[in-house]
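User: Can you walk me through this one? Start with whatever term I need first.

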Amino acid sequence: MFGIGGGELVFILFIVLMLFGSDKVPEIARTMGKAMAQLKNATNDIKSEIQKGAEANGLDTKSFTDITGNINAHINDARSNILGETNNLLGDTSEIEKIKEDIDSISGPVKRQR
């Protein structure tokens, strides 16, 4: 919880108890609980207003998924085109093998070092 350990939390509670007294601590806790509830309600209201405004302007989650789906389809098409062209470039290696055999027959097989 906020990077606070158990001992630190106990120390903070002890200081609060010493400063405000045992009769004020429940009242403070209630006030903080109400404030947190109001904050949660306010953020939910803001979210709903933003969502309503987006839907009123024609921007909803379906349109965003359609847009991203189209972008992904174009990316996949481009990827397959690029990979297809690369495979075509490397597809015909018979001439390279023939040249390699000619060089081996002239100079002998090449020993590779590791």
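Analyst: Start with "buried": a residue counts as buried when its relative accessible area is under 20%. This is a predicted model.

User: OK, what share of the chain counts as buried?

Analyst: Of the 114 residues, 2% count as buried.

User: Switching topic. Which residues make the nonpolar surface patch?

Analyst: Ile 4, Leu 9, Phe 11, Ile 12, Leu 13, Phe 14, Ile 15, Met 18, Leu 19 and Phe 20. The patch covers about 990 Å².

User: Take Leu 19. Where does it lie?

Analyst: Leu 19 is in helix H1, which spans residues 6-20.

User: Why does Leu 19 count as exposed?

Analyst: Because its relative accessibility is 64%, and the cut-off for exposed is over 50%.

User: Now pockets. What volume does the largest one have?

Analyst: The largest pocket comes to about 200 Å³.

User: What lines it?

Analyst: The lining of the largest pocket consists of Leu 13, Val 16, Leu 17, Phe 20, Val 25, Ile 28, Ala 29 and Met 32. By class, that is 8 nonpolar residues, with no polar and no charged ones.

User: Which helices supply at least two residues each of that lining?

Analyst: H1 and helix H2 (25-56). Leu 13 and Phe 20 are named in the pocket lining, and the nonpolar patch includes both residues as well.

Conventions: Residues numbered from 1 in each chain as written. Predicted model: local features only at pLDDT ≥ 70, side-chain atom pairs only at ≥ 80, totals over all residues. Heavy atoms only, no water. Patch = residues over 30% accessible without salt bridge, like charges linked within 9 Å, V, L, I, M, F, W, Y side chains within 5 Å. Areas by Shrake-Rupley, 256 points an atom, 1.4 Å probe, with all protein chains shown as cover. Salt bridge = Lys/Arg side-chain N within 4 Å of Asp/Glu carboxyl O. Helix = DSSP H or I, 4+ residues; strand = E, 2+ residues; numbered from the N terminus. Buried < 20%, exposed > 50% of the residue type's maximum accessible area, 1.4 Å probe, protein only. 1 Å grid on protein atoms, 1.4 Å probe; cavity = no way out; pocket = protein on both sides within 12 Å on 5 of 7 lines; lining within 4 Å. Points joined across faces, edges and corners; volume = space filled by probe spheres on them. Nonpolar A, V, L, I, M, F, W, Y, C, P; charged D, E, K, R; others polar.
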